Amino acid sequence: LTTELTDELIAEGRARELTSRIQSMRKEAKLEFTARIKVQLVGPEAVASAADAHRTTIERETLANALETVAAVDDGGIQQNTTVDKLPVTIRIEVDA
């Protein structure tokens, strides 16, 4: 049994944190359980690459029709400045019609 954290495990952990943050934002916004959303993410390369590597899982678990990493989030929607693995991240969600 090895207890070494590989790059893949660290990326998976960051993706799970992102999923948790997005789910919390959905809950705080009181979105309908079945509401589909679009997600924008601004953060360092370590977080962006984790989001890209686990995009399908994050989209499935958060009911996101789109997850994009951007240089700056659009105005409007629901935004939150937070951290993922102690790295600064801005997440924006909006209902996708």
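**Figure 1. The hairpin of strand 3 and strand 4 has 2 residues between its strands, and Asp85 in this hairpin takes a positive phi near 55 degrees.** The model is predicted: local features need pLDDT of at least 70, side-chain atom pairs count only at pLDDT 80 or more, and totals for chains, interfaces and linings use all residues. Residues are numbered from 1 along each chain as its sequence is written, and side-chain values use heavy atoms, with hydrogens and water left out. Strand 3 (residues 78-84) and strand 4 (residues 87-95) run antiparallel and are joined by 7 bridges. Two strands count as paired if DSSP finds at least two bridges between them. Gln80 has Ile91 of strand 4 as its bridge partner, and Asn81 stands opposite Thr90 in strand 4.

**Figure 2. Strand 1 (residues 37-42) pairs with strand 4 in the antiparallel sense.** The pairing extends over 6 bridges. Gln40 stands opposite Arg92 of strand 4, while the bridge partner of Val42 in strand 4 is Thr90. Strands of a sheet pair through backbone hydrogen bonds, either parallel or antiparallel.

**Figure 3. An open sheet is formed by 4 strands in the order 2-1-4-3.** The pairing in this sheet is mixed. Strand 2 (64-69) and strand 3 are at the edges and have a single partner strand each, so one side of each is left without a neighbour in the sheet. On average, neighbouring strands are turned by 20 degrees against each other, direction ignored. Helix 2 (residues 45-53) packs on the sheet and touches strand 1, strand 2, strand 3 and strand 4; contact means heavy atoms within 4.5 Å. The direction of helix 2 makes about 150 degrees with that of strand 2. Helix 3 lies across strand 1 and strand 2, and runs at about 135 degrees to strand 2. Axes are lines fitted to C-alpha atoms, for helices over the stretch in contact, and angles run from 0 to 180 degrees between N-to-C directions.

**Figure 4. Helix 1 and helix 2 cross at roughly 85 degrees.** Their axes come within 8 Å. Helix 1 is therefore roughly perpendicular to helix 2. Angles of 65 to 115 degrees count as roughly perpendicular, under 35 as roughly parallel, over 145 as roughly antiparallel, and the rest as oblique. Ala11, Arg14, Ala15 and Leu18 of helix 1 make the contact with Ala46, Val47, Ala50 and Ala51 of helix 2. By class, this contact has 7 nonpolar, no polar and 1 charged residues. Ala, Val, Leu, Ile, Met, Phe, Trp, Tyr, Cys and Pro count as nonpolar, Asp, Glu, Lys and Arg as charged, and the others, Gly among them, as polar.

**Figure 5. Helix 1 (residues 7-28) packs with helix 3 (residues 55-62) at an angle of about 25 degrees.** The axes of the two helices are 10 Å apart. Helix 1 and helix 3 are therefore roughly parallel to each other. Their crossing is right-handed, meaning that the near helix is turned clockwise from the far one by less than a right angle. In helix 1, Ala15, Leu18, Thr19, Ile22, Gln23 and Arg26 meet Ile58, Glu61 and Thr62 in helix 3. The residues of this contact divide into 4 nonpolar, 3 polar and 2 charged.

**Figure 6. The protein chain has 3 helices and 4 strands.** Helices (H or I, at least four residues) and strands (E, at least two) are DSSP runs, numbered from the N terminus. From the N terminus on, the elements run α-β-α-α-β-β-β. The C-alpha trace spans about 45 × 25 × 20 Å along its principal axes.
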